[in-house]
Amino acid sequence: MHKRMLIQAATALVALQFLAVPVFAAGSGGGSDQTVTQCKKGEVWDKKKKKCVAPQEGMLDDDSIYDAGHALAMAGRYDEAIAVLSLAANKQDPRILNYLGYSHRHSGRVTVGLGYYEEALRIDPNYTLVREYLGEAHLQIGDLAGAQQQLMEIEKRTGKGSREYGMLSEQIDHFMRS
C-alpha cells in the first residue's frame, strides 16, 4: 500500500508536469513562492538545500512539504499538491490535512475533502481556516445549515472580525442570493 501511494504520487507529478503553468501563490512566502514560480513542474523548493528538488518521502521536512503543498494548492495545481502533501511524515498534521482536504475538494472530490477537514478538526478544533474551508465544502454540496454551523464556530473562536469569518460569511451570502 505504501509503495503504491509513492508510485501514484510520482506518476501524478510526472503526468502533471505538462499541465501546470507558473503563477504566484498567496500564502506564507519564502519557499512556497519558489515552488510555484521557479521550480520545474514536478519539483518543490527545498529550504535547506535552497534549490528545487523532486519530492520523495523522507527527503523533505514536513514544513517544506507543507509550504510546497500549500503553494501548489493555492496555484490551482491540486493533484500535484495532493501528491506532495501525501509525502508528509506526520499524517496527523492539521495543516497537511487541511490542504489535502482543500485540494481534493477543488478537484471535485468534495466527500474526500470533508473527511480530511473533519480529521484536522478532530486534532485541532480551533483551526478556523479548516472551519472556513469546511463551510465552503458544505455549500458545495448544498448544505447551508452545515456552513452556518461552521460560521458560528469561527465566530465563537475569533469573533466576526477574522478573515475566516468574513470569507465564509461572504460565501454564505452569495449562496443564499443564488
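In which helix do Glu-153 and Lys-156 lie, and how many residues apart are they? Both lie in helix 8 (residues 144-158), three residues apart, or about one turn of the helix; helices here are DSSP runs of H or I with at least four residues, numbered from the N terminus.

The structure is a predicted model, in which local features need pLDDT of at least 70 and side-chain atom pairs count only at pLDDT 80 or more, while totals for chains, interfaces and linings use all residues. Residues are numbered from 1 along each chain as its sequence is written, and side-chain values use heavy atoms, with hydrogens and water left out.

Glu-153 and Lys-156 form a salt bridge with the closest N and O atoms 3.3 Å apart; the term denotes a side-chain nitrogen of Lys or Arg within 4 Å of a carboxyl oxygen of Asp or Glu. Glu-153 is buried, with a relative accessible area of 12%, whereas Lys-156 is exposed, at 63%. Buried means under 20% relative accessible area, exposed over 50%, and partly exposed in between (1.4 Å probe, protein chains only).

The whole structure contains nine salt bridges. One of them joins Arg-105 to Glu-136, with the closest N and O atoms 3.1 Å apart. This pair links distant parts of the chain, Arg-105 being in helix 5 and Glu-136 in helix 7, 31 residues apart. Both Arg-105 and Glu-136 are buried. Glu-132 forms a salt bridge with Arg-163, at 2.9 Å between the closest N and O atoms. Glu-132 lies in helix 7 and Arg-163 in helix 9 (residues 163-177), so this contact ties together parts 31 residues apart in sequence. Glu-132 is buried, with a relative accessible area of 1%, and Arg-163 is partly exposed, at 48%.

Six aromatic pairs are present. Rings of Phe, Tyr and Trp (its six-membered ring) pair if their centres lie within 6.5 Å; planes under 30 degrees apart count as stacked, over 60 as edge-to-face and the rest as tilted. Tyr-99 and Tyr-133 form an edge-to-face pair, 6.0 Å centre to centre with 75° between the planes. Tyr-99 lies in helix 5 (residues 94-106) and Tyr-133 in helix 7 (residues 128-140), so the pair ties together parts 34 residues apart in sequence. Tyr-102 and Tyr-133 form a tilted pair, at 4.8 Å and 50°. Tyr-102 and Tyr-133 are both buried. Ring pairs link Tyr-66, Tyr-78, Tyr-99, Tyr-102, Tyr-117 and Tyr-133 into a cluster.

How values were computed: Helices (H or I, at least four residues) and strands (E, at least two) are DSSP runs, numbered from the N terminus.
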